[in-house]
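Please open the model in your viewer and keep the selection tool at hand. The stops below are given in the order in which to select them.

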Amino acid sequence: MTDIRWPLPTALTPPPAAPDAADAVGGVDSVDGVDQAAPAIVTARSPLRISLAGGGTDLPSYSSRHGGLVLSCAIDRYVGVTVFPREFDGRVRAATDSYDLCDGAHQHPNPMTRACLLRAGLHSGYQVASFSDVPSGSGLGGSAAFGVSLLHAAAAPGALSRQALAEAASAVEIDDLGRAVGKQDHYMAAFGGIRLLRFHPSGRVAPDRLDLPAASRTALEEHLMLFHSGISRDAGDILAEQNQRTLSGHDESLRRLHAIRSITHGMAEALAKGDMDAVAALVNEHWSLKARLGSRISSPHLQALHDRALEAGAGGAKLLGSGGGGFLLLVCPPAAHADVRRSLGEAGLRELPFRLTDEGSRTGRLPL
């Protein structure tokens, strides 16, 4: 169990050593001539992500036995959290998915918000507000980005490495809330970039940056599209069934997860070559394997949307995150974009334009 508790903005906790410069938490944390231990309004912004291959192998039920491998990309759509370090009545005022005024963080009705506040040490006398580019339950790692942003905004400037930030945010969901999720989303929100995430049986995570040739990166951006299915869901609820099957040694589930992990190697090779036809084929293969990992991952309606995208000209398609709804990721030749937009628009789906980003979580501070 991870037990990382938070150095508050007024703490004088010395920062732990970061493994390398890229691991240091970046942002506009400093203001010339200002005491960084002084109270401040802090806003943190963390990116959402799209997973191209390997999703599901990061769950501890699988990775602790076999090791997980995920290829994921951060996008320029975000979850932001602002922390104001005072509240007139000494209570906790939080505007997240709902607006709540509580005597203390322990009374907050939303489990995710409550757990983040408690782990961050924001027990009373704080105001918190969150903002997001997408609705909850969208499959883009929004819960993790929220956790990373809140913990980042609550931390003393420069006190934590990106690794520590990702581990603490994942501990909120895995340890504090007991959710059947992996650490992929938390690491992507903290680090950003295009990464090959290695989940070792020991629990160690290696977020290796995947540096693509410029032409390959451009081709990837030009081929990717996102459409919201119109359905929101709770990833933890859907993944619980997969988690239980894996823990019980269900042969078919393990075979599919082994195959999904293997696809990740092929995806990295295809991206390095800029072979978008191969990327599309692997995305389709990934979805075929993933859709049968649990009874709630797909449905006749969701499969029909997937098939409709392919019929309109997309080369590959899969639901992101745990499945069950959220966003549909397409790998689509640019020449077919107009036809795909028309077809999916007629089905009531809304597109989310985006680009890839190398930036992880960042903060901005305004002294009080």
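Select Tyr187 and Phe191: both belong to helix H5 (residues 184–191) and sit 4 residues apart, about one turn of the helix. Helices here are DSSP runs of H or I with at least four residues, strands are runs of E with at least two, and both are numbered from the N terminus. This is a predicted model, in which local features need pLDDT of at least 70 and side-chain atom pairs count only at pLDDT 80 or more, while totals for chains, interfaces and linings use all residues. Residues are numbered from 1 along each chain as its sequence is written, and side-chain values use heavy atoms, with hydrogens and water left out.

Show the two rings. Tyr187 and Phe191 make a stacked aromatic pair, with 5.8 Å from centre to centre and 5 degrees between the planes. The structure holds 1 aromatic pair. Rings of Phe, Tyr and Trp (its six-membered ring) pair if their centres lie within 6.5 Å; planes under 30 degrees apart count as stacked, over 60 as edge-to-face and the rest as tilted. Tyr187 counts as buried because its relative accessibility is 0%, and Phe191 is buried at 6%. Buried means under 20% relative accessible area, exposed over 50%, and partly exposed in between, with a 1.4 Å probe and protein chains only.

Next, select helix H6 (residues 214–223), whose buried residues are Ser216, Ala219, Leu220 and His223. They lie on the same side of H6 because they cover an arc of only 100 degrees around the axis; the arc is that of the directions from the helix axis to the C-beta atoms.

Move to Arg45 and Tyr78. Arg45 lies over the face of Tyr78, 4.1 Å from the ring centre. The criterion is NZ of Lys or CZ of Arg within 6 Å of the ring centre and within 35 degrees of the ring normal.

Now select helix H10 (residues 300–312) with helix H11 (residues 337–346). They pack at about 150 degrees, with axes 8 Å apart. H10 is therefore roughly antiparallel to H11. Axes are lines fitted to C-alpha atoms, for helices over the stretch in contact, and angles run from 0 to 180 degrees between N-to-C directions. Angles under 35 degrees count as roughly parallel, over 145 as roughly antiparallel, 65 to 115 as roughly perpendicular and the rest as oblique.

Finish at His106, in the loop between strand S4 (99–102) and helix H2 (111–120). His106 counts as exposed, at 55% relative accessibility.
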